[in-house]
Amino acid sequence: MSLNPPLATSMFLNNVEKIPVNLVVSKLKNKKDLLYEYLHKAFLKDPTFGEEHHGLLVELYAEHAPDQLLPFLRTSNNYSLEHALDVCQQRSLIREVVFLLGRMGNTRQALEQITEVLQDINQAIEFCKEHDDKELWEDLINSSLDKPGFITVLLQNIGTHVDPIMLIQKIPNGLEIPGLRDSLVKILHDYTLQISLREGCKKILVSDCYSLLEKLNKLQKRGILVSEDQVCPLCERRLHTNDFRVGGDIMVFNCRHVFHEDCVPVFSKETVSTHFNDTI
């Protein structure tokens, strides 16, 4: 009897409650192509399906679909980094090795794989940008000093991330670099652009500061409502009265505390502060 793998896989995944993933995996363990088809579709449908088998899925991707391994490694967290690295190294899957080394914190070793094995300066630059590590940039510069083509690309791309002088000073005397003049012009242009952006940001910040200060000043100049039933926290008499014989001026603070002016001098500053705290 022939089996239709896509149809069978769809049926299994639609009935996971009745046909658990572990059961299917155990039955297909000797049929790697069908097992790959099943676990791959399970992962696409729901990454939590069979997540305990993601280590096995790394091996299956490496064998049956290497081009889909890197997206899987980026998405899943349910596999052993060491095991995945070993699998990728055995099959010389360098881009996957670079990703795993970076994820494990071995960024220098990952960068070495990019520059020495892949010899991809653009990926090396993107890798350094992603990790934003000055020492990593220095390693990239040092490994590029004997590669004029790498130096050209670096000169054109690192100006906004590290000081280009760090690279220029290390270039060996007499080394012929293709497109050097254009690269230097680009560095100067990028530097001018950075200065222009900083000046623009400075103007915006200063303008915002003045606007906020003006807004604060207007808010502090606004009147403060004192209700008719409000009392003085010191003498506990009402602030408003129709009897001019006992009435007087009141003091209103920006913190919204209000006192009879005659009451404030009677108390020391410590007493007033205590009343402030009690009424907050």
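**Stop one: the salt bridges**

There are nine salt bridges in this structure, each one a side-chain nitrogen of Lys or Arg within 4 Å of a carboxyl oxygen of Asp or Glu. Side chains of opposite charge can pair when their charged atoms come close.

Before you click on, a word on what you're looking at: this is a predicted model, where local features need pLDDT of at least 70, side-chain atom pairs count only at pLDDT 80 or more, and totals for chains, interfaces and linings use all residues. Residues are numbered from 1 along each chain as its sequence is written, and side-chain values use heavy atoms, with hydrogens and water left out.

Now select R95 and D120, whose side chains form a salt bridge at 3.8 Å, N to O. R95 lies in helix α7 (residues 94-103) and D120 in the loop between α8 (107-118) and α9 (121-131), so this pair ties together parts that are 25 residues apart in sequence. (Helices are DSSP runs of H or I with at least four residues, strands are runs of E with at least two, and both are numbered from the N terminus.) R95 has 41% relative accessibility, so it counts as partly exposed; buried means under 20% relative accessible area, exposed over 50%, and partly exposed in between, using a 1.4 Å probe and protein chains only.

Next, pick E135 and R108. Their closest N and O atoms are 3.2 Å apart, in another salt bridge. E135 sits in helix α10 (residues 134-144) and R108 in helix α8, so the two tie together parts 27 residues apart in sequence.

**Stop two: along α13**

Select K218 and E214, a salt bridge at 3.9 Å, N to O. Both lie in helix α13, four residues apart, about one turn of the helix. Is K218 buried or exposed? At 54% relative accessibility, K218 counts as exposed, while E214, at 47%, counts as partly exposed.

Then go on to G223, in the loop between α13 (180-221) and β1 (250-252). G223 is exposed, at 73% relative accessibility.

Finally, select I168, which is found in helix α12 and is partly exposed at 33%.
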